[in-house]
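Me: I'd like to learn how to read a few features off a model like this one. Could we go through it together?

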Amino acid sequence: MERKTVAIGLLVVVAVGLSLSGFFGGTADEPVDAEVPADSLIEVDGEYELWPYTSRTESVDGRTLAINVVFHDDGESVREALVAAPDTDWAETDEEETDADPDLVRDIVVREWDDAHGSDRYSYFAGPDGGQWVDESFELHDGEYLGSRDHIRAYESPDGKYTAVQIHEEYYDWFRLRHTVPDINDPAVRLENEFIESGLASDVRREHRGIQGGMSDGWISVFELALLLPAFGVLLRRRTREAVVETAGRFRAEASRHAEAAVLGTALAAVLIAVRTAGVALELTYPGIAPKAIAAPLYLVIALGLPALVAVGAERCDPTAAFLGVVVGLGAGFVLDFAALGVAIPPDLIVHRVAILAALGLVAVGRAAEDRPVLVTGLLAWAVGLALPLADVI
């Protein structure tokens, strides 16, 4: 009876967690009016005002992220400044690559600017002859598709007087099977620092424009490029994020008593990290293959492999130890994965991961106790936890 009560309590945690994770709105679009309001336009340079956002469609209904960087120069000059770097072989994303860096950990955390081809986004310029929607002049990314990266979308004003840039940090989320954007402000600051250090900009400053929504803090970073750009100026130094790889050793006594549960938890964390590492390694080794084609089979390792591993590994465990092993082990895997990516995690996804841990913990308890109703409940909760992010509810 007590075990049933615990299982019901855990199910409530899963249900509440999955429900709450959809309410934070960390990655969702914000509804706005259909027409471009005149008071939302900002003056930059030249004859064209800027609507400081990007949109999925040629309408403000599809508004996504806020413009957070402006270069007072044309798009081609801006792109040249961004990709100029010495002692580096810059590769085009759509060109054939034959060499891959063998250091897989470094490939996850060391990032360089390459051409990027993401989903189409539009921005809006209003000039003397009316307004017009434009798509990206170019896209660049710094990092790996299946890891974490900074992503730039640039929009040149129709008169070429300035280039509006939307730069954001994103990482590939294995439960959503797409990129999640945790922040747009820190990437703009990183870009400021890189241009200041490079000497490719004669002036770098921040202007508060009161932009609301689209994850904006109201500020825009403004760059004045140097008049004479060196052919190979130093722009973007390689940024290494130290991955947190230390594991706690305070539970050795319990681990010795419940070795199976400890091994199960370690195996779950190892599988999760291995999926990320394998995804990035395959993306680097086979650049001609679409990243989503690589992600699809790896997702099955998570969706089917993790509960299967729990079902096998928890069979001989104490139910309580099995639950703790799964939650602590896989939870540590989530923390290590996010730490290696170096990204800030939106609150809704944190709640979702907690619910996922509780669901897999139910599977472990049901298997260890040979309690079929609890096992089935855990598997159903796991399935719901996988379905909600795929349906874009989370």
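Me: Let's start with charges. Which residue forms a salt bridge with D173?

Reply: The general idea first: side chains of opposite charge can pair when their charged atoms come close. In this predicted model, D173 pairs with R353, and the closest N and O atoms are 2.2 Å apart. D173 sits in strand β10 and R353 in helix α9, so the bridge ties together parts that are 180 residues apart in sequence.

Me: Is D173 buried or exposed? And how about R353, buried or exposed?

Reply: Buried means under 20% relative accessible area. D173 has 0%, so it counts as buried. R353 has 6%, so it is buried too.

Me: How many salt bridges does the structure hold?

Reply: There are 16. One of them joins R153 and E136, with the closest N and O atoms 3.2 Å apart. R153 belongs to strand β9 and E136 to the loop between β7 and β8, so this pair links parts 17 residues apart in sequence. R153 is buried because its relative accessibility is 9%, and E136 is buried at 14%.

Me: Which residues are linked in a network of salt bridges?

Reply: That would be D203, R205, E207, R209 and E224. Within it, R209 and E207 meet at 3.0 Å, N to O. R209 is partly exposed, at 30% relative accessibility.

Me: Now helices. What should the 14 residues of α4 span, and why?

Reply: At 1.5 Å a residue, α4 (residues 185-198) should span 20 Å, and its end C-alpha atoms are 20 Å apart, so the two agree. For its faces, keep this in mind: an α-helix has 3.6 residues a turn, so residues three or four places apart point the same way. The buried residues of α4 include P187, R190, L191, E194, F195 and S198.

Me: What about the surface: which residues make a nonpolar patch of about 260 Å²?

Reply: L282, Y286 and I289. I289 lies in the loop between α6 and α7, and it counts as partly exposed because its relative accessibility is 40%.

Conventions:
Residues are numbered from 1 along each chain as its sequence is written. This is a predicted model: local features need pLDDT of at least 70, side-chain atom pairs count only at pLDDT 80 or more; totals for chains, interfaces and linings use all residues. Side-chain values use heavy atoms; hydrogens and water are left out. Helices (H or I, at least four residues) and strands (E, at least two) are DSSP runs, numbered from the N terminus. The expected span of a helix is 1.5 Å times one less than its number of residues. Buried means under 20% relative accessible area, exposed over 50%, partly exposed in between (1.4 Å probe, protein chains only). Patches are made of residues with over 30% relative accessible area and no salt bridge: like charges are joined within 9 Å, nonpolar side chains (Val, Leu, Ile, Met, Phe, Trp, Tyr) within 5 Å. Accessible areas come from the Shrake-Rupley method with a 1.4 Å probe; for residues, only the protein chains shown count as cover. A salt bridge is a side-chain nitrogen of Lys or Arg within 4 Å of a carboxyl oxygen of Asp or Glu.
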